[in-house]
Amino acid sequence: MTFGIDMAWPPHPSIETMKDKGVKFVFRYVSGGNSKDITLEEAKKLSKAGINIGLVWEKTANRALRGFDTGRSDA
């Protein structure tokens with residue numbers, strides 16, 4: 001099984017800690033300027049360490065529950 005974590009707001013575990021715990025991927029956020037968004041510097045460090053990144057677009061909590069039209073708008 002591959003192990004990954006969902007990371008929103010800091011503080012985040014260090015790359016060394018994640019590697020020691022067997023983390024293979026992280027989910028990070030891109031939401032238009034929110035403080036939980038991944039930075040280019042962070043993405044480069046994670047990639048260099050061999051940790052894959054999944055991106056989540058999320059403006060607000062529970063936005064996905066607002067239906068098809070909201071999903072289409074966000075896409």
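**Exercise 1.** Determine whether Phe 27 is buried, partly exposed or exposed in this predicted model, and then characterise the aromatic pair that the structure holds.

*Solution.* Begin with the accessibility of Phe 27, whose relative accessible area is 37%. Buried means under 20% and exposed means over 50%, so Phe 27 falls in the class called partly exposed. Apply the cut-offs in the same way to Phe 25, which has a relative accessible area of 27% and is therefore partly exposed. Turn next to the rings, bearing in mind that a pair of aromatic rings is described by the distance of the centres and the angle of the planes. The structure holds one aromatic pair, formed by Phe 25 and Phe 27, with ring centres 5.7 Å apart and planes at 85°. Because planes over 60 degrees apart count as edge-to-face, the pair of Phe 25 and Phe 27 is edge-to-face.

**Exercise 2.** Trace the chain from S1 to S3, and state at each step how the strands pair and which hand the crossover has.

*Solution.* Start with strand S1, residues 3-6, which pairs with strand S2, residues 23-30, in the parallel sense over four bridges. Within this pairing, Ile 5 has Val 26 of S2 as its bridge partner. Between S1 and S2 the chain passes through helix H1, residues 15-20, in a β-α-β crossover that is right-handed. Continue from S2 through helix H2, residues 40-48, to S3, where the β-α-β crossover is again right-handed. Strand S3, residues 52-57, runs parallel to S2 and is joined to S2 by six bridges, and Val 26 finds its bridge partner in Ile 53 of S3.

**Exercise 3.** Identify which charged end sits over the ring of Tyr 29, and give its distance from the ring centre.

*Solution.* The residue is Lys 36, whose charged end lies over the ring of Tyr 29 at 4.4 Å from the ring centre.

Methods. Residues are numbered from 1 along each chain as its sequence is written. This is a predicted model: local features need pLDDT of at least 70, side-chain atom pairs count only at pLDDT 80 or more; totals for chains, interfaces and linings use all residues. Side-chain values use heavy atoms; hydrogens and water are left out. Two strands pair if DSSP finds at least two bridges between them. Helices (H or I, at least four residues) and strands (E, at least two) are DSSP runs, numbered from the N terminus. A crossover is right-handed if, with the strands pointing away from the viewer, the path from the first strand over the helix to the second runs clockwise. Rings of Phe, Tyr and Trp (its six-membered ring) pair if their centres lie within 6.5 Å; planes under 30 degrees apart count as stacked, over 60 as edge-to-face and the rest as tilted. Buried means under 20% relative accessible area, exposed over 50%, partly exposed in between (1.4 Å probe, protein chains only). A charge sits over a ring if NZ of Lys or CZ of Arg is within 6 Å of the ring centre and within 35 degrees of the ring normal.
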